[in-house]
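Please view the sequence and the model together.

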Amino acid sequence: LHAAAVGVKGGAEAAAGHSQLVEEKTRRRQSVLVKPQIPKRHSTAGEQTEELGVVEQHLLEVGDGPRRVYAVAVKAAAELGALLLARFVDGRLPRTLAQDSPPGVLEDYAFLAEGLLAVFSATGAPWAVAGAEALVTALLHRFGLPDGGLARSEATAPGLDVRPVALQEGAEPSGYGRAAVVMARLLALGSPAVDEARLERLLVAAGAWARRSPGAAPSLVLA
């Protein structure tokens with residue numbers, strides 16, 4: 001989801017020219033797409049469909065070429081985000097799309113939340129940022145540790161907090177680091193789902209390790 005919404009965006013910018021794409025994005029924000037705003041409630045499935053239809057309408061306006069590639073990628077990412085968000089039921093996200101899937105782990109929540117914020121940045125769809133807020137609220141509840149950090153998995157029994165904390169990043173970023181980035185972005189948007197003190201506790205809990213190995217924790221450094 002994140003690759004579709006962000007990675008293809010970079011390729012489109014290179015092909016179309018940065019200034020041309022910025023101009024197009026500005027025009028789109030002002031005319032076709034919904035102006036970005038923090039929603040007061042979650043959108044319904046019908047409203048999500050209507051907002052995706054706005055993206056569809058935009059595809060008819062951009063014509064062919066690199067800008068259409070970008071618009072198609074945005075639409076695909078938005079549809080995928082809505083599909084995955086539909087699996088987020090009762091505050092839980094499954095690990096896979098299978099019906100008998102085990103519970104999701106920290107990176108499942110963090111990566112989907114970041115992908116939804118990418119969709120929000122590209123389209124201004126309120127349901128996307130509302131979904132990211134709900135996922136962050138859930139991951140803080142399910143994976144939060146007493147020191148303010150985040151475990152990779154849920155506790156298997158009440159009071160069991162001896163759980164793995166995955167901070168190091170390699171080919172795949174860590175759920176901990178991307179959760180921190182998502183929280184920082186929501187805080188910058190003025191979202192009520194995140195407060196500065198909670199984000200600070202999250203960063204402090206991993207601060208000593210990140211200072212020793214900043215190259216292995218780029219997401220924490222970014223946050």
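What covers the buried residues of α7? The cover includes α5 (106-123), α6 (126-143), α8 (196-212) and α9 (218-222).

## Basis

This is a predicted model, where local features need pLDDT of at least 70, side-chain atom pairs count only at pLDDT 80 or more, and totals for chains, interfaces and linings use all residues. Residues are numbered from 1 along each chain as its sequence is written, and side-chain values use heavy atoms, with hydrogens and water left out.

## Overall make-up

The protein has nine helices and zero strands. Helices (H or I, at least four residues) and strands (E, at least two) are DSSP runs, numbered from the N terminus. Along the sequence the pattern reads α-α-α-α-α-α-α-α-α.

Of the 223 residues, 45% are buried. Buried means under 20% relative accessible area, exposed over 50%, and partly exposed in between (1.4 Å probe, protein chains only). Take the contacts with a separation of 6 or more: residues 24 or more positions apart account for 62% of them. A contact means heavy atoms within 4.5 Å.

## Helix α7

Helix α7 spans residues 175-188 and has 14 residues. Its first and last C-alpha atoms are 20 Å apart, close to the 20 Å expected at 1.5 Å a residue. The expected span is 1.5 Å times one less than the number of residues.

α7 is mostly covered, with 10 of its 14 residues buried. Among them are Tyr 176, Val 181, Val 182, Met 183 and Leu 186. Just after the helix, Gly 190 takes a positive phi of about 80°.

## α5 against α7

α5 and α7 pack at an angle of about 35°, and their axes lie 8 Å apart. Axes are lines fitted to C-alpha atoms, for helices over the stretch in contact; angles run from 0 to 180 degrees between N-to-C directions. The crossing is left-handed, meaning that the near helix is turned anticlockwise from the far one by less than a right angle.

On the α5 side, the meeting residues include Leu 106, Ala 110, Phe 111, Glu 114 and Leu 117. On the α7 side they include Tyr 176, Arg 178, Val 182 and Arg 185.

## Arg 178

Arg 178 sits in helix α7. Is Arg 178 buried or exposed? Arg 178 counts as buried because its relative accessible area is 13%. Its side chain makes a polar contact of 2.4 Å with that of Glu 114. A polar contact is a pair of N or O atoms within 3.5 Å; within protein, one must be able to donate a hydrogen and the other to accept it, and residues adjacent in sequence count only if both atoms are side-chain atoms.

Neighbours within four places in sequence aside, Arg 178 is in contact with Ala 110, Phe 111, Glu 114, Glu 169, Pro 173, Ser 219 and Leu 222.

## From the loop into α8

Ala 193 lies in the loop between α7 and α8. Ala 193 is partly exposed, with a relative accessible area of 22%. Not counting residues up to four places away in sequence, Ala 193 touches Glu 133 and Thr 137. Ala 193 and Thr 137 are 56 residues apart in sequence, yet 6.5 Å apart C-alpha to C-alpha.

At the start of α8, a side-chain oxygen of Asp 195 reaches to within 3.1 Å of the backbone nitrogen of Ala 197. α8 bends by about 55° at Ala 206, the bend being the angle between axes fitted to the seven residues ending there and the seven starting there. Ala 206 is also one of the buried residues of α8. The buried residues of α8 pack against α6, α7 and α9.
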